[in-house]
Amino acid sequence: MTNCPTLIVTVGLPARGKTYISKKLTRYLNWIGVPTREFNVGQYRREFVKIYKSFEFFRPDNEEGLKIRRQCASAALNDVRQYLTEEQGQVAVFDATNTTRERRETIIQFAEQNGFKVFFVESVCEDPDVIQENIVQVKLGSPDYTNCNTEEAVEDFMKRIKCYENSYETLDEVLDRDLSYIKIMDVGQRYLVNRVLDHIQSRIVYYLMNIHITPRSIYLCRHGESELNVKGRIGGDSGLTPRGKEFAKNDLKVWTSQMKRTIQTAEALDVPYEQWKVLNEIDAGVCEEMMYEEIQENYPLEFALRDQDKYRYRYPKGESYEDLVQRLEPVIMELERQENVLVICHQAVMRCLLAYFLDKTAEELPYLKCPLHTVLKLTPVAYGCKVESISLNVDAVNTHRERPENVEVSRMSEEALLTVPAHQ
Amino acid sequence: PEEEAEEEEEEHLFTSVPQFCNSPTMIVMVGLPARGKTYISKKLTRYLNWIGVPTKMFNVGQYRREAVKIYKNFEFFKPDNEEAMRIRKACAAAALKDVTAYFTKEQGQVAVFDATNTTRERRAIIISFAKEKGYKVFFVESICDDPEIIAENIRQVKFGSPDYVDRDIDEAMEDFIQRIDCYRASYMPIDDERDRKLSYIKIFDVGNRYLVNQVQDHIQSRIVYYLMNIHVTPRSIYLSRHGESELNLLGRIGGDSGLSPRGQKYANALATFIKGQNIRDLKVWTSHMKRTIQTAEALGVQYEQWKALNEIDAGVCEEMTYEEIQENYPEEFALRDQDKYRYRYPKGESYEDLVHRLEPVIMELERQENVLVICHQAIMRCLLAYFLDKPADELPYLRCPLHTVLKLTPIAYGCKVESFFLNIEAVNTHRERPVNVDINRNPEEALQTVPDHI
């Protein structure tokens, strides 16, 4: 997707959501397969100045403070250079206020010297309610304020913001017309987008324009347990329904795949639902509908290769988890736009979605536990996601197979089948 | 047995894309003449229809040409020309009436209202109209003051307009410039303060900069994304299938076979052809399947593989001949002939599914400049339908023969197509829709249009 590495640079006063955006963007880019890391200059400052005293550190006439802050920014840029040139990083998110043209110019020159593209993300907001909520959600819990009571912390932080206000130079339509940037105004009411240079910047803009901070919850679950009998009855419906009706009260959207078992599960809820083909379970190609024992017997080599790299391994004539992530990207984008949604899907699909919300790596993703008859309720909070696991108290088979110890191609059948869960 | 029950139920009940819109949406263009409004309107309409959102464009200029058979000169557009003003208002009203008919009687979901709409007053009328009917409104304003771009615009599309068919170029240019001036004095761009509750995108200088305000829903978000990815830099897109494959020779569909000897010859011929075209900075894309990769290898340049470009998955019919499909799945075969666009092979895909998975390819093609896409028959049909604005019922029957390169060059409001057959013989893989598509037809009727093979 990218040729030169890209440096994303946040711009904005404190409490404008820069770190929220940085973390979310980093999570998204990594999930879609673009190696990305964020560099928060505040972190560097906390490492350097072990104890935060007060807003006075940030006063524009505090020479000592300014020196330290400049050093921290340099140290962070140094790490950026290392990440992008020596660690195969493709995108670095440089998270700091960067509120003066001078500071931004320094960064631009740094990027030019190293052959990085620069894309600015400025967040502008003057709504006092939003800023207040921001401070309550993330600043009060910051290491800077662990020993302060709420009032003290808020007061200090407001004074901190003031320190930046006088020297704040917003990205200017005329003066900065040659820069590539997006200016986000009032938490997404309005955007100004200037000089998008390439594919990755275009995707970043699209993503940033689709996220929101309205409180909501996303419910992920698999279809009810399916029994392979002639009547095609699904066990576990009765477990889901009472809960389901409860969910449905809150303006809940319900999404399913186009496979019978998720549709039948949704039908039992008796609410309108939308079907997405891309929510269909991973295509196991030649191994479709086999038991693990059969796969071991017929395709022992493939079975071992899959255990070696479960994320990238593609079933012959089938798909890999990596392929799944790619086809699920529109679902994630739409989930970002929506508010309360219940997604009824499948084991591999649910693992991919969960990995996105919980920032799990590609190595962990194929082994995330997504048992049947359990609903995961995800609620965005602060910089991350709260997870509540709601068991529906209906028995079901376990379908989770852990990575066995021996993944060698030459392993014995018993070693391959060691971690297969019990079944009829 | 459970399998078959599943297949029957899955039938044709679903679309491969979720429903995007509830209320219909009006996209309202804003801008002086020669700012690309009609270009954007047509392109956006084509894109939305291709992704499955029924969209229609309403060009008020067309209505005016119907009402006033002969265009004399720019004086028609003078702000003090009362008679003309009456006619123009009537035309706008007529167009709005047709918008309503499109939404209520023709199941339209998006209407693109293409006119200058340069005054607040006119926009207020439209907003009122939409509010009353329960339509969403999204404005697209194009702002440009670069005289070169405007002149090029006039050259490309205005000279060919019915308004200027009997004029020489200099006359036409001069008249059009005065026409623009008629609007200029009363032009009030969308105001970021006063109009902050409206949903809109402002496009500055053909895409250098965008201002996006109050995006309401999914379809508006997709529209914004699309508009931010298109450009007008001249370039060409080359579409070709892989060289003839071993399975092609046997009349078998799908699979992942390599090139036949003739197919390999084609790959070499393609390399020669491409070199001869002297294309600047050409990107080459293939699928993940052997036959397209082998074709690209002959070019001796870097190429990118897209899984999304893989041929349509024929599910249980993979690697069968049409004769075998008729023998083993006669009902499926008939159903497919009844609705080739929406029909999904059991455990496979439909053309409709293909369009959905090709959308990121189209988006990236819009961003790029010169690209050669080496793909497959069904894939190429989908891509071609996008560029040539072919509807869903024509798409699965577009002719995309082997060993033929199609060169698409955007021009004016559409696309010029040049076809280059590289003189290497290949089997024909095109099966026309047979006359009898009934489930109870006999095998001969079903197999009537199957092309020859070994």
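## A salt bridge between distant parts of chain A

The side chains of A:R46 and A:D144 form a salt bridge, with a distance of 3.0 Å from N to O. This pair links distant parts of the chain, since A:R46 belongs to helix α2 (residues 41-48) of chain A, while A:D144 sits in the loop between α5 (128-139) and α6 (150-165), 98 residues apart. The model described here is a predicted one.

The two partners can also be described by their accessibility. A:R46 has a relative accessible area of 22% and is therefore classed as partly exposed. A:D144 has a relative accessibility of 6%, so A:D144 counts as buried. The cut-off behind these words is that a buried residue has under 20% relative accessible area. The pair also belongs to a network of salt bridges, in which A:R45, A:R46, A:D144 and A:R160 are linked.

## Further salt bridges

Side chains of opposite charge can pair when their charged atoms come close. How many salt bridges does a search of the whole structure find over all chains? The search finds 53.

One of the salt bridges joins the side chains of A:E329 and A:R203, at 3.5 Å from N to O. Here, too, distant parts of the chain are linked: A:E329 is in helix α12 (residues 321-337) of chain A and A:R203 is in helix α7 (residues 199-208) of chain A, 126 residues apart. A:E329 is buried, because its relative accessible area is 12%. A:R203 also counts as buried, at 13% relative accessibility. In another salt bridge, the side chains of A:E319 and A:R327 meet at 2.8 Å, N to O. A:E319 is buried, with a relative accessible area of 11%, and A:R327 is buried with a value of 17%.

## A negative patch on chain B

On the surface, B:D168, B:D170, B:E171 and B:E174 gather in a patch of negative charge. One of these residues, B:D170, is located in helix α7 (residues 169-184) of chain B. Is B:D170 buried or exposed? B:D170 counts as exposed, because its relative accessibility is 62%.

## Two residues with positive phi

A:H373 is not a glycine, yet A:H373 has a positive phi of about 60°. This residue is placed in the loop between α13 (347-358) and β11 (374-381) of chain A. The relative accessible area of A:H373 is 7%, and A:H373 is therefore buried.

In chain B, the phi of B:D281 is near 55°, a positive value in a residue other than glycine. B:D281 is found in the loop between α10 (261-277) and β8 (283-286) of chain B. At 62% relative accessibility, B:D281 counts as exposed. Thus A:H373 is buried, whereas B:D281 is exposed.

B:Y210 lies in strand β6 (residues 209-213) of chain B. Its relative accessibility is 3%, so B:Y210 counts as buried.

Which residues are in contact with B:Y210, leaving aside its neighbours within four places in sequence? From chain A, the contacts are A:Y191, A:L192 and A:V193. From chain B, they are B:I201, B:K202, B:I203, B:F204, B:L227 and B:M228. B:L282 is 72 residues from B:Y210 along the chain, and the C-alpha atoms of the two are separated by 28 Å.

Technical notes
Residues numbered from 1 in each chain as written. Chains lettered and ligands numbered in written order. Predicted model: local features only at pLDDT ≥ 70, side-chain atom pairs only at ≥ 80, totals over all residues. Heavy atoms only, no water. Patch = residues over 30% accessible without salt bridge, like charges linked within 9 Å, V, L, I, M, F, W, Y side chains within 5 Å. Areas by Shrake-Rupley, 256 points an atom, 1.4 Å probe, with all protein chains shown as cover. Salt bridge = Lys/Arg side-chain N within 4 Å of Asp/Glu carboxyl O. Lys, Arg positive; Asp, Glu negative; His and termini not counted. Charge placed at Lys NZ, Arg CZ, Asp CG, Glu CD. Helix = DSSP H or I, 4+ residues; strand = E, 2+ residues; numbered from the N terminus. Buried < 20%, exposed > 50% of the residue type's maximum accessible area, 1.4 Å probe, protein only. Contact = heavy atoms within 4.5 Å.
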